[in-house]
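Colleague: Before I use any of these labels, I would like to hear what stands behind each one. Please set each value against its rule.

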Amino acid sequence: MNTGTAATRTAVARAWEPVLRQAGAQGQELGEQILALAHQIAKHRLSGPLTDPGRTPEHKADLATRLFSGRVDVRIVELLCACVRGRWSQPVNLLTALHDLGVQAILAGARAAGRIEVVEQEIFGVSQQLHNNTELRRALEPSRRTSTEDRVRLARRVFSPVISPAAMSLVVWCVRHRALGGVPYNLRRVTQLAAALQNRTIADVVTAVPMTVAQEERLRIILQRRLGTDIELNTQVDPAVIGGMRIRVRDLVIDSSVRAAVAQVRDSLVG
C-alpha cells in the first residue's frame, strides 16, 4: 500500500471514528449498509470511476452523492465522499477500506450494546464448525456450480437459528467476500478485529497434545510481554506436529514443532 492509500485510509478512519462512537449500538446497522454499499460498488464496477485520478476530488464526491444519496444513510454517503476525495493506488483498495470500515462498524455497534464478546465467540464457533465439517466448508466456498447468493442462503439456513443478527451479518460478509484463504480466512479476520476492539490479540497455538493450564499461562505471559497486548489463546491439538508447537499471531508464525524441523532438514538436504 503506498503513501497515498495509507494516508487516505488514516484520514477517513479518524473522521469516521467520532461518527461511529456517537452512533452507539446503531453502528451495526451502519456497518451493514457500508458492506452493502461496497457490494454494489463492486457489482457495478464503480470503484474505477470513484477513484479515477483524472477526476477532481469534488467531481468524484458529486458522483458518489448522485449514485447513493437516498439509498443509504446520509452518514454513509458522507463517508464514501470522504473516501473518494482521497487518493488510492488501485481501485480495489477503496473496496478493501469499505469492507474493513463495515466490519468494524458492526463490531463497534456490538461493543456499544455490550455484546462484542458474544459476537466474537459466535464467529469463532462458526469457524470451528467449518473446520470440523469439510462438506459445509466446501459448500460455502466460491464454485461455478453455485452462486454467491445460493451460498449466502445456505449460511443463513445453517447459522441464523443459533447466532445473533450481528454475527450473522458478519458471516454473510465472510461468505460474500472473496479472499485468499476463503471463508475461514475472513472469519479469522473478523475475530482478530473483534479482539483488537477489546485490546486483545488472538494467538493460534497448535500442539501435539493438550497443554496444561500452567503451560498456557506461561505462554500467554511470554506473548503478552513480546507484543504488549493482552493475549487470547486459541489452542488446538494436532498429532501431526509430533512435538513442540506452532504459534500464529497476526502475520507472525512461530513453528518449533518436530515436524517443521524434519521438513527443514529435508529441504536443506535437497537444496
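Modeller: Buried means under 20% relative accessible area, exposed means over 50%, and partly exposed lies in between, with a 1.4 Å probe and protein chains only. Helices (H or I, at least four residues) and strands (E, at least two) are DSSP runs, numbered from the N terminus. This is a predicted model, where local features need pLDDT of at least 70 and side-chain atom pairs count only at pLDDT 80 or more, while totals for chains, interfaces and linings use all residues. Residues are numbered from 1 along each chain as its sequence is written, and side-chain values use heavy atoms, with hydrogens and water left out.

Colleague: How many helices and strands does the protein have?

Modeller: The secondary structure comes to 13 helices and four strands. Of the 271 residues, 41% are buried.

Colleague: What makes helix H10 mostly covered?

Modeller: Ten of the twelve residues of H10 are buried. They are Ala 166, Ala 167, Met 168, Ser 169, Leu 170, Val 171, Val 172, Trp 173, Cys 174 and Val 175. These buried residues pack against several helices, including H2 (27–43), H6 (91–112) and H11 (182–197). Contact here means heavy atoms within 4.5 Å.

Colleague: How do you know that the length of H10 agrees with its residue count?

Modeller: The expected span of a helix is 1.5 Å times one less than its number of residues. The twelve residues of H10 (165–176) should therefore span 16 Å, and the end C-alpha atoms are 16 Å apart, so the two agree.

Colleague: Why is Cys 174 called buried?

Modeller: Cys 174 has a relative accessible area of 1%, so it counts as buried. Cys 81 is also given as buried, because its relative accessibility is 6%.

Colleague: Why is Thr 207 called buried?

Modeller: Its relative accessibility is 6%, so Thr 207 falls in the buried class. Thr 207 lies in strand S1 (residues 200–207). Leaving out residues up to four places away in sequence, Thr 207 touches Gln 236, Val 237, Asp 238, Val 241, Gly 244 and Met 245.

Colleague: Is Asp 52 buried, partly exposed or exposed, and why?

Modeller: Asp 52 is partly exposed, because its relative accessibility is 29%. Asp 52 sits in the loop between helix H3 (47–51) and helix H4 (57–68). Its C-alpha atom is 49 Å from that of Val 241, and the two residues are 189 residues apart along the chain.

Colleague: What makes the phi of Arg 45 worth a remark?

Modeller: Most residues other than glycine have a negative phi. Arg 45 is not a glycine, yet its phi is positive, about 55 degrees. Arg 45 lies in the loop between H2 and H3, and a relative accessible area of 73% is why Arg 45 is called exposed.

Colleague: Which phi does Asn 199 have, and why is Asn 199 called exposed?

Modeller: Asn 199 has a positive phi of about 60 degrees, although it is not a glycine. Asn 199 belongs to the loop between H11 and S1. Its relative accessible area is 60%, so Asn 199 counts as exposed.
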